[in-house]
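Visitor: Could you walk me through this model, one feature at a time?
Guide: Gladly; let us look at it together.

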Amino acid sequence: MAAPTINFNQFLEKEKLKSNGSNFTDWFRQSEKDAEPNASLTGFIVIDEIKAALEHDCPATVSCADVLALASRDAVTLLGGPTWNVPLGRKDSRFAADKDFTTKNLPSPNDNLGELIKMFGDLGLDARDMTALSGAHTVRMSNCEHYRERVYGTSDTQYSIDPSFAEARRQMCPPQGSSGDAGKAPFDMQTPRKFDNAYYRDLIAHQGLLNSDQALYSGGGVDSLVVRYGADGDAFGRDFAKAMVKMGNIPPPNGMPTEVRLHCSKANY
């Protein structure tokens, strides 16, 4: 189940940018997949295998965007999370999203609460949606390069951090250079393979892995939501499912050419 779960998180990050299948594109130029915020994403082969089976039985009908949305929902459910009805009929972009554009328009590891609320708000998602969707980190991993500044206290954006938690993460992540896979750490140390509300309890304990995680519980306007979700997993699940449907309905930008791709890694022509 690990690979579909990774793709579920890829779906979340992609949808924060726009609603299409451009993230898969493997053309000669760098695309959205190569952007730094997406560096830890893997498992694209799972979506390719699903798409190939669909093309065999029902050619040119189900888009890669819909495949990813359905796989995301099923991965959450298989890992113990909620389920929801996925609106279908979405199309895939004819073009890959530019790497630099993607980096600018996805949340960074050191964004503060105001920046997060604005980024989601620009897409029609409110602070409640943002807080609920962030709970997807409960089954995700992060590269050392993304949490290094938080655990070493070198970021301009700094939030309270549990000293023992920071020390444990520093053991996996050197202050400089690449640590490769050895530096990958789960956002949720308690139940990293279960879709639950432990992520929010980590935030309350000041054990958010990224500054942009801990920003949700830092004396700002969503602290009460974090406390509620940390105490009530069902409330989190309900709000998460609603936010996923709302996010899945974000339309592509006006004038964007779309299609149903035959292969998720490239446009049809």
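**Disulfides and helix contacts**

Guide: Let us begin with a bond: Cys144 and Cys173 form a disulfide, with their sulfur atoms 1.9 Å apart. Please keep in mind as we go that this is a predicted model.

Visitor: What is the handedness of the disulfide of Cys144 and Cys173?

Guide: Handedness is read from the torsion about the S-S bond. For Cys144 and Cys173 that torsion is about 65 degrees, so the disulfide is right-handed. Cys144 belongs to helix 7 (residues 144-152), while Cys173 sits in the loop between helix 8 (163-170) and strand 3 (185-186), so the pair ties together parts that are 29 residues apart in sequence. Both Cys144 and Cys173 are buried.

Visitor: Are Cys64 and Cys264 buried or exposed?

Guide: For burial, we look at relative accessible area, where under 20% counts as buried. Cys64 is buried, at 0%, and Cys264 is buried too, at 2%. Cys58, by contrast, is partly exposed, with a relative accessible area of 33%.

Visitor: What pattern do the disulfides of the protein chain follow?

Guide: To read a pattern, count the bonded cysteines along the chain. In this protein chain the pattern is 1-4, 2-3.

Visitor: Let us return to helix 7. Which of its residues are buried?

Guide: In helix 7, the buried residues are Cys144, His146, Tyr147, Arg148, Arg150 and Val151.

Visitor: Which residues other than glycine have a positive phi?

Guide: Two cases are worth a look. Ala60 has a positive phi of about 55 degrees although it is not a glycine. Ala60 is found in the loop between helix 2 (44-57) and helix 3, and Ala60 is partly exposed, with a relative accessible area of 47%. His206 also has a positive phi, near 60 degrees. The place of His206 is in the loop between helix 9 (198-204) and helix 10, and at 27% relative accessibility His206 counts as partly exposed.

Visitor: Now for packing. At what angle do the axes of helix 6 and helix 12 cross?

Guide: With helix pairs, read the approach of the axes and the crossing angle together. The axes of helix 6 (residues 127-134) and helix 12 (residues 233-248) come within 8 Å and cross at roughly 110 degrees. Helix 6 and helix 12 are therefore roughly perpendicular to each other. From helix 6, the contact uses Arg128, Asp129, Ala132 and Leu133; from helix 12, it uses Phe236, Asp239, Phe240, Ala243, Met244, Lys246 and Met247. By class, this contact of helix 6 with helix 12 has seven nonpolar, no polar and four charged residues.

Visitor: How do the residues of the contact of helix 5 with helix 6 divide by class?

Guide: Geometry comes before the classes. The axes of helix 5 (residues 113-121) and helix 6 come within 9 Å and cross at roughly 105 degrees. That makes helix 5 roughly perpendicular to helix 6. Leu113, Leu116, Ile117 and Phe120 of helix 5 make the contact with Ala127, Met130 and Leu133 of helix 6. The residues of this contact divide into seven nonpolar, no polar and no charged.

Visitor: And Arg238, where does it lie?

Guide: Arg238 lies in helix 12 and counts as partly exposed, at 46% relative accessibility. The C-alpha atoms of Arg238 and Trp84 are separated by 9.2 Å, with the two residues 154 apart along the chain.

Visitor: What pLDDT does the protein chain average?

Guide: The average is 85, and 81% of the residues score at least 70. Over residues 1-22 the pLDDT is below 50, and this stretch has 97 contacts in the model beyond near neighbours in sequence.

Terms used. Residues numbered from 1 in each chain as written. Predicted model: local features only at pLDDT ≥ 70, side-chain atom pairs only at ≥ 80, totals over all residues. Heavy atoms only, no water. Axes fitted to C-alpha atoms, helices over the stretch in contact; angles between N-to-C directions. Helix = DSSP H or I, 4+ residues; strand = E, 2+ residues; numbered from the N terminus. Parallel < 35°, antiparallel > 145°, perpendicular 65-115°, else oblique. Contact = heavy atoms within 4.5 Å. Nonpolar A, V, L, I, M, F, W, Y, C, P; charged D, E, K, R; others polar. Buried < 20%, exposed > 50% of the residue type's maximum accessible area, 1.4 Å probe, protein only. pLDDT = per-residue confidence, 0-100. Disulfide = S-S within 2.5 Å.
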